[in-house]
Amino acid sequence: MSQTVNDRRPSSLQGATLPKWSPYAIAAGSVALGLGISAAAGLHSSVQWGLLAAIFFVLGSYGIAAKVEGRRQAKDRVATSLVWVAFLLAVVPLVSLMCETVKRGVKVLDGYFLSHSMGLVTDTEPGGGIYHAILGTLEQVGIATVISVPIGILTAIYLVEYGRGKLAKAVTFFVDVMTGIPSIVAGLFVLSFWIIILDMGYSGFAGSMALTILMLPVIVRSTEEMLKLVPNELREASLALGVPKWRTIMKVVLPTSIGGITTGVMLAIARITGETAPVLLLVWGSTFINTDPFEGPQASLPMYIYQQYANSGGSGAAYDRAWAAALTLIAFVMILNLAARGIARWKAPKTGR
């Protein structure tokens with residue numbers, strides 16, 4: 001009987017808690033308060049009322065939680081609120097950019113636009129397309145990938161599996177330095193060596209060499225981290241069976257980390273696809289189709305966007321082409337990222353039985 005009475009008593013260790021819907025209610029109240037203050041103060045920018053709403057959300061979360069749940073739980077809710085605010089501050093500009101690009105880019109984005117070049121169409125006239133720019137981007141990025149991926153992966157294998165002493169430290173140091181090199185510096189280096197000193201002329205290959213310099217540190221760093229995640233027990237088990245080290249790397253280490261390595265390579269490709277400065281210095285651009293990346297100027301999507309905007313002369317047709325090319329470039333990068341995620345999931349080690 002006493003046990004039943006004790007079960008009916010509320011536990012003294014369990015305090016009052018806010019309902020699960022309280023964060024949504026606080027957020028709605030903060031937005032309404034931010035809009036009201038903005039309207040009263042004559043603030044017309046959506047950024048201003050958004051920041052006010054974020055401040056009210058954090059302060060409201062702390063004040064209400066401190067009154068109901070206590071200060072300790074209130075601090076936890078404030079940390080959670082700050083995380084959500086930071087998430088929204090990162091996502092809202094991205095969503096706004098995507099919506100604006102799609103709204104303006106779909107005006108001229110069609111089959112004709114994707115299958116024709118500018119040719120004899122001037123920048124101020126309607127018509128034309130981006131076929132020559134797409135072709136140039138694919139060739140330049142493809143050449144840079146073919147050069148940088150083997151070098152980057154082999155460098156990472158050396159640093160993780162063989163690297164010891166001063167040489168490994170020097171390679172690591174220079175990889176770290178290359179990671180922070182601005183793209184314009186890589187373009188100037190290739191310009192001074194390949195075009196000015198060797199007098200090889202402007203070409204898509206010259207741009208690919210600059211893009212290779214930008215890709216290498218990303219591939220080396222991402223591959224290095226993926227190789228470090230491979231358990232040493234797998235290496236030791238293979239070596240204990242008498243398998244040579246090089247074969248252990250090829251048959252055990254690389255297959256185990258191939259998903260992460262592929263993701264890093266795809267991200268490196270996406271990183272260089274939108275580079276404009278090296279292409280502007282080395283490729284020079286062209287309105288005609290040039291299928292030879294080793295001879296003569298060549299177009300690319302980033303340069304096409306810049307040229308349409310810079311040489312538009314106030315023409316709406318040029319602005320529409322620039323937005324459509326930007327939408328195509330974003331779609332290309334998005335496809336690469338989705339492909340990287342798909343390959344990473346496909347090649348991920350299987351768990352369970």
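Student: What percentage of the 353 residues of the chain count as buried?

Tutor: This is a predicted model, in which local features need pLDDT of at least 70, side-chain atom pairs count only at pLDDT 80 or more, and totals for chains, interfaces and linings use all residues. Residues are numbered from 1 along each chain as its sequence is written, and side-chain values use heavy atoms, with hydrogens and water left out. Buried means under 20% relative accessible area, exposed over 50%, and partly exposed in between, with a 1.4 Å probe and protein chains only. By that cut-off, the buried share of the 353 residues is 36%.

Student: How many helices and how many strands are in the chain?

Tutor: Helices (H or I, at least four residues) and strands (E, at least two) are DSSP runs, numbered from the N terminus. Read along the sequence, the pattern is α-α-α-α-α-α-α-α-α-α-α-α-α-α. The count is 14 helices and zero strands.

Student: What is the radius of gyration of the chain?

Tutor: The radius is taken over C-alpha atoms, and the globule rule is 2.2 Å times the number of residues to the power 0.38. For 353 residues the rule gives 20 Å; the chain is well over this, so it is more spread out than a compact globule, with a radius of gyration of 28 Å.

Student: Is Thr-101 buried or exposed?

Tutor: Thr-101 lies in helix H4 (residues 71-105). Contact means heavy atoms within 4.5 Å, and, leaving aside neighbours within four places in sequence, Thr-101 is in contact with Trp-323, Ala-326, Leu-327 and Ile-330. The relative accessibility of Thr-101 is 2%, so Thr-101 counts as buried.

Student: How many Å apart in space are Phe-113 and Ser-315, C-alpha to C-alpha?

Tutor: Phe-113 lies in helix H5 (residues 111-115) and is buried, with a relative accessible area of 2%. Beyond four places in sequence, the contacts of Phe-113 include Tyr-304, Arg-321 and Ala-324. Phe-113 and Ser-315 are 202 residues apart in sequence, and their C-alpha distance is 17 Å.
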